Amino acid sequence: MSALHRKLLRDLVRLWPQALAIALVMAAGAATLVLGVGAYQSLSETRAAYYERNRFADIFANLTRAPKVFEDEIARIPGVAAVETRIAKIALLDLPDTAEPASAMFVSIPDFHEQRLNLLHLRSGRLPLPGDEHEVVVSEPFAKAHHFGIGAKFQAILNGRKRTLRVVGTGLSPEFIYTLGPGVLMPDDRRFGVVWMGEKALAAAYDLTGAFSSVTLNLTRGASEAAVIERLDGLLTRYGGLGAYGRRDQTSHAFLDAELKQLQAMSRILPPIFLLVAAFLVNMTLSRLIMLEREQIGLLKALGYRSTTVGLHYLEFALAIACVGIAIGLATGTWLGFGLTRLYAEFYRFPFLVFRINTAIYVVAAGITLAAAAVGALKAVRDVVKLPPAVAMSPPAPVIYRRLLPEALYAVLKIPQSLIMVARHLLRWPLRSLSSVFGIALAVSVLVGSLWVFGATEFMIEVTYNRSERQDATISFVHEWPVSALFDAIALPGVMTAEPYRAVPVRIRYGPVERRITITGKPPDTDLSRVLGPGLMPVRLPETGIALSDALAKILGARVGDIVEVELLERNRRTVRLPVTGIIEGYLGLSAYMSLPAVNRLMREGPLISGVHLLYDTDRQDALFRRLKATPVASFIGLQRASLRKFRETLAENLLFMITVYVSLGVIIAFGVVYNFARISLSEQGRELASLRVLGFHKGEVSAILLSELAVLTLLAQPLGWAIGYGFAWAMVQGFNSELYRVPLVVERSVYGWATVIVLMSALVSALVVRRRIDRLDLIEVLKTRE
Amino acid sequence: MSPAAQPALQPSAQQVFRTKDLTKVYVTGDISVQALRGVDFEAAAGEFVVILGPSGSGKSTFLNIIGGLDRATSGEVWFTDHELSRFDDRALTLYRRDHVGFVFQFYNLVPSLTARENVALVTEIARNPMRPEEALGIVGLTERMDHFPAQLSGGEQQRVAIARAIAKRPQVLLCDEPTGALDSATGVLVLEALTQVNAQLGATTLIITHNVAIQDIAHRVVHFGDGRIVSTNVIAERKPASAISW
């Protein structure tokens, strides 16, 4: 080993705490890159493989009823590669082990030939026998939640008639990777599942023999989805088509897409932050090292070492630290990536897992980290190369300080000399001080930018469940009923209040933009399920016209007073023009609202309702649920409290892990920046601080000088960090927001508070670690040495 | 007032320092070095003592112990009626803070503070300090008090260090090679400042030096050798600092 390499190793060992702090920052950058990209690739590839193997459809459409023979006409649409017609209906279940009513999406599977699209992946058991009215396959998560084995029985109300069903198999489908019941925020495997039944049996149950109510298509390569959708809608209009849609609007695919987008965002935003901080730390540390070793550098050059050789020695120092960081980062990133992908596979119900971290990611992560180290070392190494030997071996010019304020002001303000020392030392190297402030601010911003989402989620819950949807339960009818059904609902055990609603599927158009949505009609004086206006205050729906959700209005580009086109997609199909008479605030989906009488007038069908919202006495909950389970008119019963409980449970499961990860990342940056700054400051001022001890300053007084520097930097970094963190939150909101849901940009004060507390604690710990060195300053040694 | 015109030290002057059988051993791994071997020493209030000796004779170690920077391995160290050898770290710090003025070979000024501010650093923590301007006036630096150390010559920096040391009105002034980094002419200026301060404030002044020429300005010269006091001479006729050169 050459002498220079031996020196390099010894330097690394001697400076191991600083080197490790920098390496950890680099490791965090490499790890988040590998984790984010790795998990994204794994999830993306898993999804792609699953979709391909199980022939996930490209286009979906529901309709009232069309004859099976119509399938051929659909198949003739240019661009269609495969068609599958089926029956798909939501039905109420009566499960033996669940007090609460549950529902399932019933999907038919062909009796005599294989499925063409959305293939059911059998996980256990077998498919139902052709024509058997009782045999079903249930979704695996649903089966697990209810401990259904092969042969288990449960009851379902299919088209108003109760039937006992027997489980003959469990399965998964690419169509239901993320299984949500109508109008709920989070999958609840106990209360909503998927049931596959033989086509003949299901058709008979719903009087759809020889017909279908749902169609899925696959496209040929290069076919235009929009064109096919338009043709399909045209064909299905007379059969009560409710508007075809592509994968983008398919619930399961859309939620998974949103998750993938977040992973991608994480892998793009976090690594550059860490690598930027790491480059700055390398620059700071290497510059100080070179300053201390000036004489040695001059000596090496005088002995005949080439300038580039000496420069390379210091570059190798930075790269060696980077190598340590890369090793830690790649290992951690891989480990976390495994864990995260496994978590996703369980949460999203994949039948298999493709976990393969592309070697390219490792190479990229390592390359970027090395580049960051090299960039950080660039200036310092350049200085080494340019330094003439004679200059290097002579003492450096004394540092020039300046007074910033007039002398008289010092006397008036009576500023202690120790504070003057602090201020002048920080201002003497403004770039270094500012960079340290920025580095600490980034730590704060990482925390603000990651912790805000929890408060925002609470806010969403508050708005949705306490101000808007205040009902305890919602009964969705299989089809519309006269408004007198409301009184039947009120008569149910324990029901204290009931409010009707009407849901009408439409296509809404303004200019060139159109969307398929549901208009919800509510009584003008609604109290349970309210609509919120500006400022999230409840508002009364206008008697006439249509109120749009703010997200829908933004997409359409419509404002109050504009006239929108509304194409009714059910029964009395026609297109009407309605004035926009209100904008409604909300976070879920695209929606529109009208007063219930106005909707009924629009539909020209008299006073009908699609369901009721209930407020009930929880003491009589069991009796109510027993009656609801037996309600033939209901297809789905939403339980807001159960839904909210599930939402919180799922959130809580992930909360601790996520908070630990984010806080760790913030601590790594804060500790790294403060510790390195403190060490360098101590190295520069150690002689002065020891001299003060000799002069009679206590350890605490001397430490306070260094700690004051760190405190100034850390405190200055807070507002900057808050601002940058808010910017991250804003960027995330833009990334999160989709037509499925929006996350409000609500950054609570406590988020800023916690971010500051965590960073302050990290800074304090690193300061106290350095303080021990101050306490151990050799007072005698310092008297004998020139600076 | 020049030293030559001063009355000689009165025999009944108060005893400021006393050491009895002072020993110091440095242990580094397997190696132990005996820096002091049973030193008995006394110094009276107002006395100007020059301590001479070759490198490794123990004179700096001795100064560090009576200055409260280091602890003896055995023996007694008294400052007036306080036994320094029993002081803990905090008590030693207070001792240095309240009673001792230090002057070092390499000045040890804070580079980010002006001359005046360097002196104020000490007066802020002292019990009964003089004003920084007054201390700088004593050493003849009134015109340069708002300059940073980088803007001062070596001699001026050392005089700032002296001003810093005396601003707290210390009972003792301990100087370790105060002229070691200076040329002859500048060194004489520094010695003039020290003798003036000794005469004016009455602080017991101990100066460590290699430079034999300096002994003529002292009341007493103590020779160290091999960790012991080898000899002690009383200077019958002190010379003013301006009369010596090297």
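R18(B) is found in strand β1 of chain B, which covers residues 15-28. The model is a predicted one. With a relative accessibility of 26%, R18(B) is classed as partly exposed, because that class lies between under 20% for buried and over 50% for exposed. Setting aside residues up to four places away in sequence, R18(B) touches F41(B), E42(B), E76(B), V77(B) and W78(B). P170(B) is 152 residues from R18(B) along the chain, and their C-alpha atoms are separated by 17 Å.

Salt bridges come next. Over all chains the count is 47. One of them joins E684(A) to R432(A), with the closest N and O atoms 2.7 Å apart. This pair links distant parts of the chain: E684(A) belongs to helix α19 (residues 640-695) of chain A and R432(A) to helix α14 (residues 430-468) of chain A, 252 residues apart. Are the two partners buried or exposed? E684(A) has a relative accessibility of 13% and therefore counts as buried. R432(A) is buried too, at a relative accessible area of 14%.

Within chain B, E83(B) and R86(B) form a salt bridge in which the closest N and O atoms are 3.0 Å apart. Here E83(B) counts as buried at 15% relative accessibility, whereas R86(B), at 69%, counts as exposed. Elsewhere, salt bridges that share partners connect D233(A), R507(A), R509(A), E514(A), E565(A) and E567(A) in one network.

Other salt bridges cross between the chains. R693(A) pairs with D89(B), the closest N and O atoms being 3.5 Å apart. The bridge runs from helix α19 of chain A, which holds R693(A), to helix α2 of chain B, which holds D89(B). R693(A) is buried, with a relative accessible area of 4%, while D89(B) is partly exposed at 33% relative accessibility.

How many salt bridges are there between chain B and chain A? The count is five. Among them is the one between the side chains of R97(B) and E701(A), at 2.7 Å from N to O. On the chain B side, the elements that supply two or more residues are α1 (59-66), α2 (89-99) and α3 (115-123). The largest share, six residues, is from α2(B). Sorted by class, the side of chain B that touches chain A consists of 16 nonpolar, six polar and twelve charged residues.

The size of an interface is often expressed as the accessible area lost when the parts come together. For chain B and chain A, about 3,100 Å² is buried between them, and 58% of this is on carbon and sulfur atoms. In terms of contacts, 34 residues of chain B meet 33 residues of chain A.

The nonpolar cores remain. The largest has 147 residues, and those touching the most other members are L286(A), Y314(A), W452(A) and L692(A). Helix α7 (residues 251-292) of chain A contributes the most to this core, 18 residues. Leaving out neighbours within four places in sequence, the contacts of Y314(A) are K7(A), L286(A), L289(A), I290(A), E293(A), I297(A), V381(A) and V384(A). Another core lies apart from the largest one. This other core has 39 residues, including Y107(B), A163(B), L182(B) and I214(B).

Conventions:
Residues numbered from 1 in each chain as written. Chains lettered and ligands numbered in written order. Predicted model: local features only at pLDDT ≥ 70, side-chain atom pairs only at ≥ 80, totals over all residues. Heavy atoms only, no water. Contact = heavy atoms within 4.5 Å. Buried area = accessible area lost by both parts, 1.4 Å probe. Salt bridge = Lys/Arg side-chain N within 4 Å of Asp/Glu carboxyl O. Helix = DSSP H or I, 4+ residues; strand = E, 2+ residues; numbered from the N terminus. Nonpolar A, V, L, I, M, F, W, Y, C, P; charged D, E, K, R; others polar. Core = buried A, V, L, I, M, F, W, Y, C linked by side-chain atoms within 4.5 Å. Buried < 20%, exposed > 50% of the residue type's maximum accessible area, 1.4 Å probe, protein only.
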